[in-house]
Amino acid sequence: MPNRPAQSDPFDLVVFGGTGDLAHRKLLPSLYHREPVGQLGEGARIIAVSRRPLSDDEYRDWARKAICEHVADIDQDALERFLARIQYVSVDVAQNTGWETLEQTLAGREGVVRAFYLSVSPDFFGPICSSLGEHNLVTEKSRVTIEKPIGKNGKSAHTVNETIGSVFKEHQIFRIDHYLGKETVQNLMALRFANVLFEPLWNAAHIDHVQITVAETLGVEGRAGYYDTAGALRDMVQNHLLQLLCLVAMEPPESMAPDSVRDEKLKVLKALHPMSAEMVERNTVRGQYRAGASAGGAVKGYLDELGHPDSHTETFVAAKVDIQSWRWANVPFYLRTGKRLAARVSEITIQFKDLPHSIFLPGAGRIAANKLVIRLQPDEGVKMQVMIKDPGSSSMRLREVPLDMTFAEAFNVRQPDAYERLIMDMIRGNQTLFMRRDEVEAAWKWIDPILEHWSHLKEAPKPYTSGTWGPSASIALIERDGRTWHDESY
Ligand code: NAD
């Protein structure tokens with residue numbers, strides 16, 4: 001039996017954007033999951049805020065539908081208990097109306113944790129924080145969570161951070177990157193730092209290279225307008241892929257204390273080899289999908305979806321990244337992310353070096369170098385590829401097998417969604433899995449020159465057919481180093 005989580009202290013969780021897509025698909029279902037396990041204590045309230053005028057009951061109906069749509073096994077009693085915690089307040093941030101109702105709803109609860117979750121357009125981050133300040137809604141026990149994107153470049157991220165920082169102190173600000181809440185990402189930390197086995201091998205002497213792939217089969221769907229102002233580098237690499245890279249590459253932190261972990265991640269970001277114009281040309285590939293076949297059907301190209309024939313926004317990026325440190329000298333990190341690719345998969349592959357010398361006869365078969373594969377999507381899991389003697393064979397034949405280190409099935413537990421963990425961490429005030437301001441700004445400092453160089457290019461992103469692994473230049477990027485992308489298992 002898994003341990004039951006500790007019951008939370010009373011809290012008010014105020015979700016701006018309570019009627020949005022994120023609330024529907026992730027926030028409400030994730031919060032509900034904490035009810036049947038008893039984590040939501042007495043006095044835990046959820047206050048959904050949005051522009052639409054709705055009564056509490058109308059919102060609860062909407063929330064019920066969201067939960068029923070996204071949760072497989074519903075405990076009806078728990079669902080009723082959960083819905084009873086929810087209230088709804090209409091605030092129009094653009095018109096600056098409705099704040100008094102929110103004040104009344106929160107009145108008398110100044111002593112409990114007050115967590116604001118800004119699940120709204122980033123343009124509203126500043127106005128919401130300013131209004132919370134003006135209406136004296138920010139208490140000692142307040143915190144604020146913001147969703148990506150934090151800025152469009154280093155300068156605008158600085159402005160966003162300044163605005164939020166004028167109302168909330170850094171220890172109250174939770175910049176969410178939901179990849180950090182994933183079970184396998186936690187497991188990566190456990191593998192690295194709760195075993196003696198890996199750490200001695202975790203360096204340039206034994207690791208050949210690292211690959212991080214975040215591949216989607218979906219296109220931009222209804223988000224083309226937003227996406228065209230962002231692109232894959234801002235939307236995925238600046239946050240998710242660089243955060244994963246940090247967790248693989250960081251030195252062992254002193255403890256799991258938030259600043260111990262974040263100090264180490266920051267050092268990695270600062271050690272990324274800055275990309276000169278010449279390196280951007282050589283070590284990055286940007287692509288844009290064309291019509292093709294994806295997820296079993298014919299799909300349009302990006303420009304047709306967008307309705308704009310001249311966009312140079314990239315829907316795919318591949319990059320070869322160097323970390324300037326003793327541990328990672330000459331160990332490239334290959335990053336790759338894109339839409340409309342051949343499979344939906346997010347994976348980190350740690351490729352170990354070849355054996356220095358084989359004692360086996362050629363007839364024993366090929367000896368594949370060891371590989372640790374940490375899969376975040378679609379099925380979370382960790383596998384170590386090792387060589388063994390082929391069982392039953394009378395001669396010494398070798399065979400590569402995966403050692404499966406995923407124990408959810410063996411322990412018969414449901415893997416919690418990343419948001420479940422992150423929301424509860426935020427309520428507890430634990431910032432370990434959230435990005436600190438200097439991390440976000442250091443990530444932009446590395447990304448900005450790439451964006452800058454691309455902005456001067458006349459050449460369009462390289463086209464790729466939907467349903468493939470991206471432009472051929474991304475394959476050339478890794479193959480010219482004598483390596484290949486690990487696509488064979490999808
Ligand atoms: P959405 O457009 O579906 O929802 C936006 C919400 O903001 C709605 O509840 C809407 O009522 C509210 N809103 C709009 N104008 C308002 C106003 N004037 N006053 C008050 N409320 C107003 O957006 P979303 O997809 O839920 O995304 C929310 C945030 O989360 C964004 O910052 C987005 O970038 C980020 N995000 C979303 C996802 C996702 O999967 N949806 C993933 C990662 C990050």
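Modeller: Leaving out residues up to four places away in sequence, Lys148 touches Ile176, Asp235, Met236, Asn239 and His240. The model in which these contacts occur is a predicted one.

Colleague: What makes the pairing of Lys148 with the backbone oxygen of Asp235 a polar contact?

Modeller: A polar atom of the Lys148 side chain lies 2.9 Å from the backbone oxygen of Asp235. The limit is 3.5 Å between N or O atoms, so the pair qualifies as a polar contact.

Colleague: Why is Lys148 called partly exposed?

Modeller: Its relative accessible area is 26%. Buried requires a value under 20% and exposed a value over 50%, so Lys148 falls in between and is partly exposed. Lys148 sits in the loop between strand S5 (142-146) and helix H6 (154-165).

Colleague: How do you know that the bond between Lys148 and Pro149 is cis?

Modeller: Omega of that peptide bond is about 0 degrees. Most peptide bonds are trans. Pro149 belongs to the loop between S5 and H6, and Pro378 to the loop between strand S14 (371-377) and S15.

Colleague: Which residues does UniProt list under "binding site"?

Modeller: The unreviewed UniProt entry lists Arg51, Asp92, Val93 and Lys148. Such annotations may be inferred rather than shown by experiment.

Colleague: Why is Val93 counted as buried?

Modeller: Val93 has a relative accessible area of 16%; the limit for buried is under 20%, so the label applies. Val93 lies in the loop between strand S3 (86-90) and helix H4 (99-106). Neighbours within four places in sequence aside, Val93 is in contact with Phe124, Pro127 and Ile128.

Colleague: What is the order of the six strands in the open sheet, and how do they pair?

Modeller: The order is S3-S2-S1-S4-S5-S6, and the pairing is parallel. S3 and strand S6 (173-175) are called edge strands because each pairs on one side only.

Colleague: How do you know that S1 and S2 are paired?

Modeller: Six bridges join strand S1 (residues 11-16) to strand S2 (residues 44-50). Val14 stands opposite Ile47 in S2. Helix H2 (residues 56-70) lies across S2 and S3, at about 115 degrees to S3.

Colleague: What makes the contact of Arg45 and Asp12 a salt bridge?

Modeller: The N to O distance between their side chains is 2.8 Å, and the cut-off is within 4 Å, so the pair is a salt bridge. Because Arg45 is in strand S2 and Asp12 in strand S1, the pair ties together parts 33 residues apart in sequence. Arg45 is buried at 17%, and Asp12 is buried at 0%.

Colleague: Why is the pair of Arg85 and Glu35 said to tie together separate parts?

Modeller: Their side chains meet in a salt bridge of 2.7 Å, N to O. Arg85 lies in the loop between helix H3 (76-84) and S3, and Glu35 in the loop between helix H1 (21-33) and S2, so the parts joined are 50 residues apart in sequence. Arg85 is buried at 15%, as is Glu35 at 2%.

Colleague: Where do Glu439 and Lys265 lie?

Modeller: Glu439 is in helix H14 (residues 437-456) and Lys265 in helix H10 (residues 258-271), so their pair ties together parts 174 residues apart in sequence. The side chains of Glu439 and Lys265 meet in a salt bridge at 3.0 Å, N to O, and both residues are buried. Salt bridges with shared partners also join Asp259, Arg262, Asp263, Arg436 and Asp438 into one network.

Methods:
Residues are numbered from 1 along each chain as its sequence is written. This is a predicted model: local features need pLDDT of at least 70, side-chain atom pairs count only at pLDDT 80 or more; totals for chains, interfaces and linings use all residues. Side-chain values use heavy atoms; hydrogens and water are left out. Helices (H or I, at least four residues) and strands (E, at least two) are DSSP runs, numbered from the N terminus. Buried means under 20% relative accessible area, exposed over 50%, partly exposed in between (1.4 Å probe, protein chains only). Contact means heavy atoms within 4.5 Å. A polar contact is a pair of N or O atoms within 3.5 Å; within protein, one must be able to donate a hydrogen and the other to accept it, and residues adjacent in sequence count only if both atoms are side-chain atoms. Two strands pair if DSSP finds at least two bridges between them. Axes are lines fitted to C-alpha atoms, for helices over the stretch in contact, and angles run from 0 to 180 degrees between N-to-C directions.
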